[in-house]
Amino acid sequence: MLSIGEFSRICEVSTKTLRYYDEIGLMTPDEINPENGYRYYSIRQLKKMLLINRLKSYHFPLEEIKAFLEWEDDQSEEKLCSALNRKRKEIQEKRNALDYTLKQMSHDILDLEKGISIMSYLDNIEVQLVETPPMNILYMRQVMSSNDYAAGYGKYFSRLYEKIASEKLTLLGAPMTIYHSSEYNPAGNDTEFAIPIAEPVKGTRDLPGQLCAKSALKDSYSKLTSVYAKLREWVENEGYQLAKSPYEVYLTDPNQAASPEDIVTEVYFPIKKK
């Protein structure tokens, strides 16, 4: 048996953390002296502690690690492999986001060293005045929190495409999102997912043709706020006002894009003269 201090030293886990693990049922000492309360761990628990440390290093929460350790032996390896694949994908996505941020920071540093404002990119966003045709759209409307967006876009567009396929409907355009909320609310925003189709079936509505200020972004979705700011400035400067809810059209499937720079999104502001 190992004292809590020796166990702590070998595994490089503080005694305070070991006591907490005992409280939550993650790692319980094999023996506790009833007279003095001293905790002792068996040699075989070293392997379990090292596994916990390893899974923690992979950024699994303690509750999930505890669940891993409670799996039946005949299922544990398969389930753990699945969990590791999921976590690896999450970490890779975070790494890609950090790589993109570093690339953008390097670009900003170069601009500043040349005496160029890091906000000068706004001047390169082009705005067009266009007349859009009327469309028949298959739609779903949901209140979405900011945390729901990433998963929600795939979820609701998938449902629309499934309906198009099952009912053999005629696809006429790229998927789009219409934002109906008058202000941004992290807790929930009124969001309409839509795809233009030919047939006026149940679940469709008319989207009238309208005068719009339009801009296209060929970059990460994180840059869309800059496009919105540019469009709003243009609308004001040109003597227009917003007439209806703005919307985005996704010309590129992000899953097929090799890099963020390959993603093309169009933003439309329906407008009218003041």
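What follows are my entries, starting with the ground rules.

**Ground rules.** I am working on a predicted model, where local features need pLDDT of at least 70, side-chain atom pairs count only at pLDDT 80 or more, and totals for chains, interfaces and linings use all residues. I count residues from 1 along each chain as its sequence is written, and side-chain values use heavy atoms, with hydrogens and water left out. For helices (H or I, at least four residues) and strands (E, at least two) I take the DSSP runs, numbered from the N terminus.

**Entry: α2.** I found Leu18, Tyr21 and Asp22 buried in α2. Down the axis of α2 these buried residues fall within an arc of 100°, so they line one face of the helix. I take the arc from the directions from the helix axis to the C-beta atoms. On the face of α2 turned away from the buried side I noted the exposed Lys16 and Glu23. Just after α2, Gly25 has a positive phi of about 80°.

Entry: Two strands pair if DSSP finds at least two bridges between them. β2 and strand β3 (residues 39-41) run antiparallel and are joined by two bridges. Across from Glu31 I found Tyr40 in β3.

**Entry: aromatic pairs.** My rule pairs rings of Phe, Tyr and Trp (its six-membered ring) if their centres lie within 6.5 Å; planes under 30 degrees apart are stacked, over 60 edge-to-face, and the rest tilted. I get ten aromatic pairs this way. How do the rings of Phe7 and Tyr41 sit? Their centres are 4.3 Å apart and their planes at 10°, so the pair is stacked. Phe7 is in helix α1 (residues 4-11) and Tyr41 in strand β3, so to speak distant parts of the chain, 34 residues apart. Phe7 and Tyr41 are both buried. The rings of Phe157 and Phe193 have centres 5.3 Å apart and planes at 85°, so I log that pair as edge-to-face. With Phe157 in helix α6 (residues 149-166) and Phe193 in strand β7 (residues 189-196), the pair ties together parts 36 residues apart in sequence. Phe157 counts as buried at 9% relative accessibility, and Phe193 is buried at 0%. I also noted that Phe157 and Phe193 belong to one aromatic cluster with Tyr156, Tyr221 and Tyr250.

**Entry: charges over rings.** I call a charge over a ring if NZ of Lys or CZ of Arg is within 6 Å of the ring centre and within 35 degrees of the ring normal. Arg205 lies over the face of Tyr139, at 5.9 Å from the ring centre. Lys273 does likewise over Tyr240, at 4.3 Å.

**Entry: β12 and its partners.** Seven of the ten residues of β12 are buried, which leaves the strand mostly covered. β9 and β12 run antiparallel, joined by seven bridges, and Lys214 stands opposite Tyr268 in β12. β10 pairs with β12 in the antiparallel sense over three bridges, with Gln241 opposite Lys272. β11 and β12 are antiparallel too, over four bridges. Tyr247 has Tyr268 as its bridge partner in β12, while Val249 has Glu266.

**Entry: β11.** In a regular strand the side chains alternate between the two faces of the sheet. Are the faces of β11 covered or open? Both are covered: Tyr247 and Val249 are buried on one side, Glu248 and Tyr250 on the other. β11 also pairs with β6, antiparallel, over three bridges, and there Thr177 stands opposite Glu248.

**Entry: α7.** Does its length fit, or what span should I expect for the 14 residues of helix α7 (residues 224-237)? The expected span is 1.5 Å times one less than the number of residues. For α7 that should be 20 Å, and the end C-alpha atoms are 20 Å apart, which agrees. The buried residues of α7 are Leu224, Ser226, Val227, Tyr228, Lys230, Leu231, Trp234 and Val235. They pack against β4 (128-132), β6 (176-179), β9 (210-218), β10 (240-242), β11 (247-250) and β12 (264-273). After α7 comes Gly239, with a positive phi near 80°.

Notes
Buried < 20%, exposed > 50% of the residue type's maximum accessible area, 1.4 Å probe, protein only. Contact = heavy atoms within 4.5 Å.
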